[in-house]
Amino acid sequence: MHVRDLGCFRSVAVRSDDASRGVAGHHLLDIETLEASEIRRLLDRARELRDTVSQSAPVLAGTSVITLFYEASTRTRASFEIAAQRLGASVITVTSSNSSVSKGESTWDTGRTLAAMDPGVIVCRHPHPGATHLLARAVESVGRTAVINAGDGAHEHPTQALLDSLTLCDRLGSVEGRTIAIIGDIAHSRVARSNQLLLTKLGARVLLGGPRSLVPASLEAIGGTIIRDVDEIIRQADAVMMLRVQFERLVGPPPFPSLADYNRTYGLNASRASLMKPDAFVMHPGPMNRGIEIDPEVADGPTSVVAHQVRNGIAARMAVLERAMRKGPWQSQGQGQSRGQEMS
Ligand code: MLT
């Protein structure tokens, strides 16, 4: 059984409502509890910040942003750190190997300890679904630090979905009524889950494809329609988002006979990409496993918008950081906020 976390997702979804309504309602823990209007506002603000980046005010000057990463990351961490620096914040990087986590400290205690130093924001990546919701509760028990989820296990990756929609809107104008394909290991992908939720909130038609072992029918409940014939999905899509197999989250026997079989049946090679509509384009959140879910000629070819996605990540995260600190267009929401309970 490869879809081991689905039961866990359900319990996380219940808890997320409570955490998002907490003392510091400015956390960004998931897409699930974000209204469509708030998503549009974040995308509008990201566009503004991107277009005025050289003149943007250092609205987070004097603020500390801690990136707390319990899992490997290249683009997400660098992107958050650049976004925070562009807004004038100072950035402190904490990873599980260079911190007291390696001495057995719990996520709860790490959260309370960091929050007691009064940073504006903690950006957290964690291998366990729901861990950033737990962290939000821990910091709320100390002060007013905001928590941003930078990916929690196979649960959600909200800023990836925001930057993906920013990229989609750049090319398509709007995602409403558009057909967006997500193909690959959807069961274990936080990127897929956040995109399924966000795209359906914004009125897109989402098509899901991949092996039955990694795309079980139950995933339609999150958003989208499964089509088993990947070629058919590719013919219909305005944009094709390819996902890697999350090997680190697999348990049990391999979910497909071999990598060659996977590549032949589900991978995006030049011949399959030639089925795309004339203006359709290819997305990938990275890291790419070339020769498995995507072939190099497509990854580096003219229909690929992967580098554009990465660039948009900075603007999307600047908007999210501003919101977390109630700065910029979110300034008025910060009025009258009182500090939470101090650490006892
Ligand atoms: C993630 O952190 O989820 C990545 O952006 C996508 C992946 O690891 O496949």
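Trainee: How many Å does helix H2 (residues 36-51) reach from its first C-alpha to its last?

Mentor: Helices (H or I, at least four residues) and strands (E, at least two) are DSSP runs numbered from the N terminus. The expected span is 1.5 Å times one less than the number of residues, and for the 16 residues of H2 this expectation is 22 Å. Close to that value, the reach of H2 is 23 Å.

Trainee: On what kind of model do these values rest, and what pLDDT do side-chain atom pairs need?

Mentor: Residues are numbered from 1 along each chain as its sequence is written. The model is predicted: local features need pLDDT of at least 70, totals for chains, interfaces and linings use all residues, and side-chain atom pairs count only at pLDDT 80 or more.

Trainee: Within what arc do the buried residues of H2 fall, seen down its axis?

Mentor: A residue is buried if 20 or more other C-beta atoms, placed from the backbone, lie within 10 Å of its own, exposed if 12 or fewer, and partly exposed in between. In H2 the buried residues are Leu42, Leu43, Arg45, Ala46 and Leu49, whereas Ala36, Ser37 and Asp51 are exposed on the face turned away from them. The arc is taken over the directions from the helix axis to the C-beta atoms. The buried residues line one face of H2, because they fall within an arc of 165°.

Trainee: Is Leu198 buried or exposed?

Mentor: Leu198 lies in helix H7 (residues 190-201) and touches Ile31, Ile39, Ala161 and Ser165, not counting residues up to four places away in sequence; contact requires C-beta atoms, placed from the backbone, within 7 Å. Although Leu198 and Ile39 are 159 residues apart along the chain, their C-alpha atoms are separated by 8.0 Å. Because Leu198 has 27 C-beta neighbours inside 10 Å, it counts as buried.

Trainee: How does Ser100 count, with its C-beta neighbours inside 10 Å?

Mentor: Ser100 is found in the loop between strand E2 (90-95) and helix H4 (107-116). Its contacts, not counting residues up to four places away in sequence, are Glu105 and Thr110. Because Ser100 has 13 such neighbours, it counts as partly exposed.

Trainee: Which strands stand at the edges of the open sheet of five strands?

Mentor: The order of this sheet is E7-E6-E5-E8-E9, with parallel pairing; strands pair if DSSP finds at least two bridges between them. Two strands each have a single partner, so one side of each is left without a neighbour in the sheet: strand E7 (225-226) and strand E9 (281-283).

Methods: Two residues are in contact if their C-beta atoms, placed from the backbone, lie within 7 Å.
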